[in-house]
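Have the viewer open and follow along.

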Amino acid sequence: NITDVQSIGEALKTNNTLTRLFLRNNNITDVQSIGEALKTNNTLTRLFLRNNNITDVQSIGEALKTNNTLKVLYLSNNNITDVQSIGEGLKTNNTLKTLTLHNNNITDDGGIQSIIDVLKTNNTLNRLYLNNNQLSDNMKSQLNAIEQYKRDGSNGYQQEEWMFIDT
């Protein structure tokens, strides 16, 4: 049962072969070192951090701004409440296709709004799982509308017929 991922983060900074990292079902609380590593790592395409006890994803959001290889990020089943940094990171990210944030404790409309705003211009992310959080009805409604707009290519959105948002 891994709790400290500092050494894993350090190794990821220089790694040039690992493409998938499974760190699920541990008791990880601090992912700062992994976020730092993702800023420079150019081989990791899938990162599984689900079923831990992560609360702060600021470093992951920061890394998404510059990381250009990560395609799948699993952050489900943690204790994340604020996703503002994830939304900020997705503004410039053009590789992440799947983001799972379901079964957390997300209550922050501002953070969800930042993700909604990004979906207007980010045409790479096409799988977003937010179910089993504390999203307001307004946020759910906006997300459901965007899912339909992207599928149809309507209302100014680029068509993404495989778009899926689970609220």
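## A buried threonine

A residue counts as buried when its relative accessible area is under 20%. In this predicted model, Thr 124 has a relative accessible area of 17%, so Thr 124 is buried.

Where does Thr 124 lie? Look in the loop that links helix H5 (109-119) to strand S5 (127-129). Setting aside neighbours within four places in sequence, Thr 124 makes contact with Asn 94, Thr 95, Leu 96 and Lys 97.

## The sheet

Now turn to the strands. Six of them form an open sheet, ordered S1-S2-S3-S4-S5-S6, and the pairing is parallel. Strand S1 (20-22) and strand S6 (164-166) are the edge strands, each pairing on one side only. From one strand to the next, the twist averages 5°.

Phe 48 stands opposite Tyr 74 in S3. Elsewhere, H6 lies across S5 and S6 and runs at about 165° to S6.

In soluble globular proteins, nonpolar side chains tend to be buried together. Here the largest nonpolar core has 43 residues, and Ile 86 and Leu 99 have the most contacts inside it. At least two residues of this core come from each of helix H2 (32-38), helix H3 (58-64), helix H4 (84-90), H5 and helix H6 (137-152). H5 gives the largest share, five residues.

Which residues does Ile 86 touch? Not counting residues up to four places away in sequence, they are Val 57, Ile 60, Gly 61, Leu 64, Leu 75, Leu 99 and Ile 115.

Note on methods. Residues numbered from 1 in each chain as written. Predicted model: local features only at pLDDT ≥ 70, side-chain atom pairs only at ≥ 80, totals over all residues. Heavy atoms only, no water. Helix = DSSP H or I, 4+ residues; strand = E, 2+ residues; numbered from the N terminus. Buried < 20%, exposed > 50% of the residue type's maximum accessible area, 1.4 Å probe, protein only. Contact = heavy atoms within 4.5 Å. Core = buried A, V, L, I, M, F, W, Y, C linked by side-chain atoms within 4.5 Å. Pairing = 2+ DSSP bridges. Axes fitted to C-alpha atoms, helices over the stretch in contact; angles between N-to-C directions.
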